[in-house]
Amino acid sequence: MWTWFFQLASPPHFYRMAASLVPWLLWPALLLILVGAWGGLVLAPADYQQGEGYRIIYVHVPSSYLSMMVYVTMAVAAGIGLIWRIKLAHAVAASCAPVGATFTAAALITGMLWGKPMWGTYWQWEPRLTSELILLFLYFGYMSLRSAFNDLNQSDRASAVLALAGVVNVPIIHFSVLWWAGLHQGPSISKIDAPSIAFAMLWPLLVMILGFTLFFLGILAMRVRGEVLEREFHSRWAQDVLRGVSRVEAA
Amino acid sequence: MSEFFAMGGYAKYVWSSFGVTAIVLILNLLAARRQLRQTRERLQLRLVRQSGRKVNT
Amino acid sequence: MVLVGLFVAGVAAAVGLALRAFQENLLYFYTPTQAIAGEAPDGKKIRLGGMVQEGSVRREPGDLELRFDVSDNEKTMTVAYSGVLPDLFKEGQGVIAMGHLGADGVFQAEEVLAKHDENYMPPEVAATMATDGQGTPAAPPRSDAALN
């Protein structure tokens with residue numbers, strides 16, 4: 001187990017493995033997202049309150065879930081990089097940010113498009129919406145902070161501190177609907193008891209969430225490869241890859 | 001069929017949500033590919049310049 | 001280093017502004033009980049949250065103004081509103097009304113937002129649950145559902 005772990009954390013090994021992993025993540029992701037979208041738009045019945053309008057859930061919830069999941073991944077990777085000084089971990093953290101920011105934006109936009117017809121407003125400064133907007137600012141702050149340093153080590157460490165400090169926002173987003181009086185309803189699927197959503201409506205959502213997760217992992221693998229190559233530029237294996245004479249470079 | 005696209009009057013909101021999300025997915029894919037390709041090209045150029053300098057001196 | 005400071009300041013300012021707006025939003029949120037007890041500041045725009053009472057939505061003939069009673073299961077307050085209602089507005093549903101408390105004790109709303117619960121189900125299922133008398137949709141909603 002541990003040899004496997006250290007092998008994985010070795011940059012040339014990761015670079016090669018990630019390349020072969022990408023199609024195994026992205027193709028199933030595409031399939032799951034198509035099945036989920038079909039299930040959500042066509043097969044799932046209309047809602048008793050919101051009619052066909054609730055179908056926005058099939059893009060809103062997976063995006064919102066990713067926005068938080070990616071942030072946690074980023075913060076954990078940044079923490080590992082900070083404590084154990086593993087370069088690969090910093091590469092992972094740096095690669096998470098742009099992906100997470102786009103899904104946060106998607107969550108906010110689809111949420112606004114859902115809020116307008118149902119609640120009667122695009123935006124309210126209420127707990128769930130505000131904390132999700134702050135998540136977007138955290139991603140922006142993380143990316144700006146990274147680009148503000150010329151030295152990669154400094155950039156890694158400073159941004160890791162920001163990522164870790166910002167992680168408190170994630171439970172705030174999740175529990176905001178329970179802690180404060182706001183407009184957003186409570187959680188539907190992450191309850192300890194039975195989910196508050198009929199199974200015919202639930203399964204496309206779960207398929208969609210799984211598809212989005214695989215999609216993120218595929219995109220992450222691609223981005224980390226670029227990051228690793230850049231960080232390892234002075235090493236022998238990276239230069240072999242760049243010259244095209246390496247066994248490492250298969251894809 | 002047209003009933004399906006009408007989404008019970010919520011067409012505007014449902015389809016633009018799905019559209020925005022599709023765009024985000026596609027942009028992520030394109031951006032990740034571009035980032036990998038550009039990094040590789042930039043580093044290759046740097047490598048060529050470096051080895052060129054070594055040959056000259 | 002100047003750049004770093006600027007970026008951090010920019011993000012901090014954005015977060016600060018968002019939190020300020022959020023705090024104001026929270027600050028001026030009242031239940032009918034609180035509003036009737038006079039906890040809400042006079043003349044200030046506030047938010048009134050609660051449940052639209054069954055059978056309370058009425059419109060005077062020839063009048064655009066709509067009136068309904070908002071309850072927190074303890075006290076009720078009449079809300080007057082003329083404007084577009086969200087699709088989910090109906091009796092028994094949670095609402096947040098924005099406006100001010102009139103001298104006559106009627107809440108003059110400028111905007112009405114609908115809250116909904118976290119349940120999603122097909123209409124047939126909702127109907128069955130309603131007749132069973134054990135389901136969520138037709139059963140009287142929990143008092144906290146309107147407030148969280």
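A crossing of two helices is left-handed if the near helix is turned anticlockwise from the far one by less than a right angle, and right-handed if clockwise. The exercises below use a predicted model.

**Exercise 1. Describe how H4(A) packs on H5(A).**

Step 1. Take the geometry. The axes of H4(A) and H5(A) lie 9 Å apart, and the packing angle is about 150°.

Step 2. Classify the angle. Values over 145 degrees count as roughly antiparallel. H4(A) is therefore roughly antiparallel to H5(A).

Step 3. Assign the hand. H4(A) passes H5(A) in a left-handed crossing.

Step 4. Find the residues. From H4(A), the contact includes A:Ala94, A:Ala97, A:Pro98, A:Gly100 and A:Ala101. From H5(A), it includes A:Leu129, A:Glu132, A:Leu133, A:Tyr139 and A:Arg146.

Step 5. Sort by class. The contact of H4(A) with H5(A) holds 15 nonpolar, three polar and two charged residues.

**Exercise 2. Which chains touch, and which pair of chains has the most contacts?**

Step 1. Count the pairs. Two pairs of chains touch, and the most contacts are between chains A and C.

Step 2. Look at the A and C contact. Chain A gives 39 residues and chain C gives 35. On the chain A side, helices H4 (87–118), H5 (127–148), H7 (169–179) and H8 (199–231) each supply at least two residues. H5(A) gives the most, with 10 residues. That side of chain A divides into 25 nonpolar, 12 polar and two charged residues.

Step 3. Look at the B and A contact. It takes 25 residues from chain B and 32 from chain A. The chain B side has 15 nonpolar, eight polar and two charged residues.

Step 4. Check the remaining pair. No contact joins chain B and chain C. The closest C-alpha atoms of chains B and C lie 11 Å apart.

**Exercise 3. Outline the fold of chain C.**

Step 1. List the elements. Chain C has three helices and seven strands.

Step 2. The pattern of chain C is α-β-α-β-β-β-β-β-β-α.

Step 3. Chain C has 148 residues, and 28% of them count as buried.

Step 4. Check contact range. Take the contacts in chain C with a separation of 6 or more: residues 24 or more positions apart account for 47% of them.

**Exercise 4. Which residues touch the most other members of the largest nonpolar core?**

Step 1. Name the residues. They are A:Met74, A:Ala93 and C:Ala97, in a core of 114 residues.

Step 2. Find the main contributor. H4(A) provides the largest share of this core, 18 residues.

Step 3. Leaving out residues up to four places away in sequence, C:Ala97 touches C:Leu48, C:Val70, C:Val79, C:Tyr81, C:Phe107, C:Ala109 and C:Val112.

Terms used:
Residues numbered from 1 in each chain as written. Chains lettered and ligands numbered in written order. Predicted model: local features only at pLDDT ≥ 70, side-chain atom pairs only at ≥ 80, totals over all residues. Contact = placed C-beta atoms within 7 Å. Helix = DSSP H or I, 4+ residues; strand = E, 2+ residues; numbered from the N terminus. Nonpolar A, V, L, I, M, F, W, Y, C, P; charged D, E, K, R; others polar. Buried ≥ 20, exposed ≤ 12 C-beta atoms within 10 Å, placed from the backbone. Axes fitted to C-alpha atoms, helices over the stretch in contact; angles between N-to-C directions. Parallel < 35°, antiparallel > 145°, perpendicular 65-115°, else oblique. Core = buried A, V, L, I, M, F, W, Y, C linked by C-beta atoms within 7 Å.
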